[in-house]
Structure formats: structure tokens, C-alpha cells
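Subject: Structure handover

Hi,

Here is the structure for you to look over. My notes on it follow below.

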Amino acid sequence: MKIIKTSLLAFLFLLPLVLADLRVGFYNATCPQAESIIQQVVQKRFATDSSITGALLRMHFHDCFVRGCDASILIDPTPKKPSEKSAGPNLTVRGFELIDEAKKSLEAACPSTVSCADIITLATRDSVVLAGGPSYAAPTGRRDGLVSNPDDVNLPGPSFSVSQALQAFTAKGLTLNDMVTLLGAHTVGLVHCNFFEDRLSNFQGTGSPDPSMDPALVAKLKKLCAAGNNPTTFLDQNTSSTFDNQYYNQLLLKRGILQIDQELASDRSTTGIVSGFASNGVRFSQRFATAILKMGSLQVLVGNAGDIRKNCRVFNLE
């Protein structure tokens, strides 16, 4: 058995682009400094903008939920050809310039070797660690997609009910626990007023604020949003820049910003998970690492599928 296993590993090493799946250390032989290059870029950005963690988590989620984790979200639209960036849910996704900076350094060190899809995955992991979240080994070996179509962008929305959101997650092979865990990324998230303003004054046509939101928070957010220009606020109003379990504690205090967030605390299917994470930050961190790795393996392109883009914003053919 040992001889067979050794032979198989040797075969995979000789033909990594044909047979190998995602694995930790995929670039050890072809670009050994890849992960440290990405880490340095993320560290530099985080030092001046800690909100980059939430931005990268959102980018990673929006990428993986559309055609899988293939960096299709990074393609720039053109006057003749829109891309996923053109879709409404992606208009406020940010952090693209960080991916560009990492890609430029990687191309200088190891041309046409490290995929943009892996850059998103690793940069997200590094930013989570910098914000105080779990440290986990992220398998790599993804290839970049060859399609980016705004019509493919169909993401669970901020006003979804728990059951509606769960349908979107289960369609991707993720569980109820995965969903509640991954929404915990909102502990470091920012959101524009237009995503929650309906909860502040005329919730579902009632002419009144959402009764499930703390009145003091309603007043605070009304004042913020009234300033105009669609400002942002933190999804976790307590430890806004720290990756921890306080998001769940905020939900128990009726201080969830998005409707879907607050409904997690009241829906019978999820309230127990929320309470469990609120009382046990270690459990949340461990579950989050597992869930985001599971999400990061959704419909990935490996082997000879896809491509390794030279510029993350355009297909190589262009």
C-alpha cells in the first residue's frame, strides 16, 4: 500500500495540471514565495485600512457564489461587453486594486503561475488573521475562469428571509450551519444605507421602523443616512474592526443592521446556532475556518480547465 501511495504522489507531482486537485502548498515547487508575497501586500493595506478584511470576504463570497471560485468577479466590463462587476450586487464590491498589486508582484516573481482565484482566497485568509480571526491553511490550485457575465449574478439579498437565503446556500452544497457561520463575516463588514434604509421608517409598507431593530439603533442610523450620499456603517456596531463573535451578540440585542442578519436571531432554525456562537467565540472561529474552506472549494476549476490570467482584470485572449 505504501509503495502504491508513493507512486501515486510521484505521478501527481509529474502531472499537476492534469490530475491534481486543490492542495495546501500547491505552489511550493513552482512559486515558493507566492503566499508570502500575497501576505505582504495584505499586511501593507491592512496597516492603513483595517476594513479591507470585510471587503475581501465580500469579494470572495461574491466570486464563489457565481460560477464557483474562479475570479470571474475581477474581470472589468467594456462598453461592448459587461461583466460580473456590472451587476447591481457587485457595484460596491471593493479591494480590486489589492488583488492587482499582488498579481503584479507575483508575475514579476513567477510569471503565469499563480491564479487570480487563489490570490483572492489567500488574501482573504490573510486579512482574516490580521483582524484577529482564525489562522487556517488554505488549499490552492484553482484556475481562473473564462466567463464573466452579469446575468449569472444571483446572490442572496440583504432582505431575504432565512428560508430564502438557505435555498441559495443549499443550492451551492452548503448547510444551514455553514450559512449562519459564513454570515458571521459581517463582524468586520461595512454596508451602505441603501441596503437597510427600508428598515428605518417604512418597513414592509407599515410606515414604521422594523420592530425587530433596537429603537436607539434606528435613531442612530436614521441620522447617518439622512446625511445623503449613501454613507456606510459597520455591520457589527461593537467591535467593528475585529474578527470575533460579537456580531452574534449584537443580533441577540436586536442590533443587526441587515434584515437577514436580524432574522437569524429570531428564526427557529437558526436562533440556537446564533446563541451558541454568541457564547463561544472559539467555537465560532473553528467553524468559520471550516466553512470558508468549504466555500472556497465551490465549483473550482483545476487541472487544464480555465486559465492563469496575466492580468486579473482581463482574459488572456484579450
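How much area is buried between domain 1 and domain 2? About 1600 Å², and carbon and sulfur atoms give 76% of that. Buried area here is the accessible area (1.4 Å probe) that two parts lose on being put together, summed over both.

Some ground rules. This is a predicted model, in which local features need pLDDT of at least 70 and side-chain atom pairs count only at pLDDT 80 or more, while totals for chains, interfaces and linings use all residues. Residues are numbered from 1 along each chain as its sequence is written, and side-chain values use heavy atoms, with hydrogens and water left out.

**Domains**

The domain assignment gives domain 1 as 33-152 and domain 2 as 162-295. Such bounds come from an automatic or database domain assignment. The C-alpha centres of the two domains lie 23 Å apart. At the interface, 23 residues of domain 1 are in contact with 19 residues of domain 2. Contact means heavy atoms within 4.5 Å.

**Helix pairs**

Helices (H or I, at least four residues) and strands (E, at least two) are DSSP runs, numbered from the N terminus. Two packed helices are described by the angle between their axes and the distance between the axes. Axes are lines fitted to C-alpha atoms, for helices over the stretch in contact, and angles run from 0 to 180 degrees between N-to-C directions.

Take α2 (34-46) and α4 (96-109) to begin with. Their axes are 9 Å apart, at an angle of about 145°. The crossing is right-handed. A crossing is left-handed if the near helix is turned anticlockwise from the far one by less than a right angle, and right-handed if clockwise. On the α2 side, the contact uses Ala34, Ile37, Ile38, Val41, Val42, Lys44 and Arg45. They meet Glu97, Leu98, Glu101, Ala102, Ser105, Leu106 and Ala109 of α4. By class, that contact has nine nonpolar, one polar and four charged residues. Ala, Val, Leu, Ile, Met, Phe, Trp, Tyr, Cys and Pro count as nonpolar, Asp, Glu, Lys and Arg as charged, and the others, Gly among them, as polar.

Now α3 (52-64) and α5 (116-130). These axes come within 9 Å and cross at roughly 145°. Here the crossing is left-handed. Thr53, Leu56, Leu57, Met59, His60 and Asp63 of α3 meet Ile120, Thr121, Ala123, Thr124, Ser127 and Val128 of α5. The classes are six nonpolar, five polar and one charged.

**Buried positions**

Buried means under 20% relative accessible area, exposed over 50%, and partly exposed in between (1.4 Å probe, protein chains only).

In helix α11 (271-279), the buried residues are Ile273, Val274, Gly276, Phe277 and Ala278. They pack against α7 (176-182), α9 (246-252), α10 (259-266) and α12 (281-295).

Threonine 270 is in the loop between α10 and α11. It is buried, at 0% relative accessibility. Leaving out residues up to four places away in sequence, threonine 270 touches Val162, Leu176, Val180, Glu263 and Leu264.

Phenylalanine 196 is in the loop between β1 (190-192) and α8 (215-226). Its relative accessible area is 0%, so it counts as buried. With the sequence neighbours up to four places away set aside, phenylalanine 196 touches Val191, Leu221, Cys225, Thr233, Ile257 and Leu258.

Arginine 143 lies in the loop between α5 and α6 (162-170). It is buried too, with a relative accessible area of 13%. Its C-alpha atom is 6.8 Å from that of alanine 305, and the two are 162 residues apart along the chain.

Leucine 224 sits in helix α8. At 27% relative accessibility, leucine 224 is partly exposed. Its C-alpha atom is 8.4 Å from that of cysteine 193, 31 residues away along the chain. Cys193 is one of the residues leucine 224 touches, not counting those up to four places away in sequence.

Most residues other than glycine have a negative phi. Which way does phi go at glutamine 204, positive or negative? It is positive, about 50°. Glutamine 204 lies in the loop between β1 and α8 and is exposed, at 61%. Asparagine 229 also has a positive phi, about 65°. That residue is in the loop between α8 and β2 (232-234), exposed at 80% relative accessible area.

Best wishes
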